[in-house]
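Dear colleague,

I am passing on the structure below, and after it I set out what was found in it. Please read the notes with the structure open beside them.

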Amino acid sequence: MANTSAIYARIDSGLKERAEDILSQLGISPSGAIQMLYSQIVLTRGLPLNLYLPPVKPVAIGSMSQAELDAELMKGIESLKTGKTCTLDEIDAELARDFGI
C-alpha cells in the first residue's frame, strides 16, 4: 500500500459543489484532482493545470424542434421587455471569445 497523507482544507460550500460537479463530469474524484494538482506542481514547479469542460457549441436553428425554437424566441422577448439588450458588435465579440466563430 502506498504511503499517503491526509489534506484538510476549508472552502466555500457552493464552490465545492460546483467544482465537484465538473470533476464528476470529467470522471475525476476530488482526491484524484488534488493528486493531479500536486503532481503537476512538482513536475512544473508551478500551477499549470488546465482541465475544463469545453463550452457548449451554439445550436443551429434548423436542428431545433419547434418547442426549442419557441423557448429561445421567448428568452429574446423577455430580454427586450426587461431592457437587457446588446449590440451586434457585443454579440460578435462574445461568439468569437466563447466559440471561435
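How many residues does helix α4 have, and how far does α4 reach from its first C-alpha to its last? Helix α4, residues 88-99, has 12 residues and reaches 16 Å between those two atoms, close to the 16 Å expected at 1.5 Å a residue; the expected span of a helix is 1.5 Å times one less than its number of residues. Helices here are DSSP runs of H or I with at least four residues, strands are runs of E with at least two, and both are numbered from the N terminus. After α4 comes G100, whose phi is positive, near 70°.

Before the rest, a word on the basis of the values. This is a predicted model, in which local features need pLDDT of at least 70 and side-chain atom pairs count only at pLDDT 80 or more, while totals for chains, interfaces and linings use all residues. Residues are numbered from 1 along each chain as its sequence is written, and side-chain values use heavy atoms, with hydrogens and water left out.

Overall form

The protein has four helices and zero strands, so that from the N terminus on its elements run α-α-α-α. Its radius of gyration, taken over C-alpha atoms, is 21 Å, whereas a compact globule of 101 residues would have one near 13 Å, by the rule of 2.2 Å times the number of residues to the power 0.38. Along the principal axes, the C-alpha atoms fill a box of roughly 60 × 30 × 25 Å. Buried residues make up 4% of the 101 residues, where buried means under 20% relative accessible area, exposed means over 50%, and partly exposed lies in between (1.4 Å probe, protein chains only). The protein exposes about 9100 Å², of which carbon and sulfur atoms supply 59%; the areas come from the Shrake-Rupley method with a 1.4 Å probe, and for residues only the protein chains shown count as cover.

The 17 residues of α3 should span 24 Å at 1.5 Å a residue, and its end C-alpha atoms are 24 Å apart, which agrees. Just after α3, G83 takes a positive phi of about 80°. Most residues other than glycine have a negative phi. R45, although not a glycine, has a positive phi of about 60°; R45 is found in the loop between α2 and α3 and counts as exposed because its relative accessibility is 80%. K57 is found in that loop as well, and at 55% relative accessibility K57 also counts as exposed.

I22 has its place in helix α1 and is partly exposed, with a relative accessible area of 38%.

Pockets

A pocket is an open set of points, on a 1 Å grid over the protein atoms alone, where a 1.4 Å probe fits and protein lies on both sides within 12 Å along at least five of seven lines; lining residues have an atom within 4 Å of a point. Grid points are joined across faces, edges and corners, and a volume is the space filled by probe spheres set on the points.

About 1000 Å³ of space lies in the largest pocket. This pocket is lined by 26 residues, of which L23, P30, S31, A33 and I34 lie nearest its centre. The elements that give two or more residues to this lining are α1 (13-26) and α2 (30-44), and α2 gives the most, with eight residues. The lining divides into 19 nonpolar, four polar and three charged residues, with Ala, Val, Leu, Ile, Met, Phe, Trp, Tyr, Cys and Pro counted as nonpolar, Asp, Glu, Lys and Arg as charged, and the others, Gly among them, as polar.
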